[in-house]
Amino acid sequence: MEIFEIHTEYIQLNQLLKASGWCETGAQANEAIENGAVKVNDKVELRKRNKLYKDSIIQFNKQKIKIV
């Protein structure tokens, strides 16, 4: 599991996918979310701008990130 450190209160889901390098563009991140390919805390998340806070776990393409 990867660790992703944030220095603000939260990060939006589509921003995280791009910042982590899992998606090259925001459009790719939005498409992955719309297609139900992303899970947040073991639940499929369809909201592109879902706010992710510390201790959230995100899954995409058999990869995981924990927000710290």
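The following paragraphs lead through the structure from the whole chain to four of its residues: Ser56, Lys66, Glu34 and Glu45.

The model is predicted, so local features need pLDDT of at least 70 and side-chain atom pairs count only at pLDDT 80 or more, whereas totals for chains, interfaces and linings use all residues. Residues are numbered from 1 along each chain as its sequence is written, and side-chain values use heavy atoms, with hydrogens and water left out.

The chain contains 2 helices and 7 strands; helices (H or I, at least four residues) and strands (E, at least two) are DSSP runs, numbered from the N terminus. Along the sequence these elements follow the order β-β-α-α-β-β-β-β-β. The radius of gyration, which is taken over C-alpha atoms, is compared with a globule rule of 2.2 Å times the number of residues to the power 0.38. For 68 residues a compact globule would have a value near 11 Å, and the 10 Å of the chain agrees with this. The C-alpha atoms fill a box of roughly 25 × 20 × 20 Å along the principal axes.

Of the 68 residues, 37% are buried. Buried means under 20% relative accessible area, exposed means over 50%, and partly exposed lies in between (1.4 Å probe, protein chains only). A contact is defined by heavy atoms within 4.5 Å. Among the contacts with a separation of 6 or more, 47% are between residues 24 or more positions apart.

Ser56 lies in the loop between strand E5 (51–52) and strand E6 (57–60). Ser56 counts as buried because its relative accessible area is 9%. A polar atom of its side chain lies 2.9 Å from the backbone oxygen of Tyr53. Leaving out residues up to four places away in sequence, Ser56 touches Asn41, Ile65, Lys66 and Ile67.

With a relative accessible area of 28%, Lys66 is partly exposed. Beyond four places in sequence, the residues that Lys66 touches include Met1, Glu2, Ile3 and Phe4, as well as Asp55, Ser56 and Ile57. Between the C-alpha atoms of Lys66 and His7, which are 59 residues apart along the chain, the separation is 14 Å.

Glu34 is part of helix H2 (residues 26–34). This residue is partly exposed, at 48% relative accessibility. When neighbours within four places in sequence are set aside, Glu34 is in contact with Leu46 and Lys48. The side chains of Glu34 and Lys48 are also joined by a polar contact of 2.8 Å. A polar contact is a pair of N or O atoms within 3.5 Å; within protein, one must be able to donate a hydrogen and the other to accept it, and residues adjacent in sequence count only if both atoms are side-chain atoms.

Glu45 is found in the loop between strand E4 (43–44) and E5. Because its relative accessibility is 10%, Glu45 counts as buried. Apart from residues up to four places away in sequence, Glu45 touches Leu13, Ile33, Val38, Lys39, Val40 and Asn50. A polar contact of 2.8 Å links the side chains of Glu45 and Arg47.
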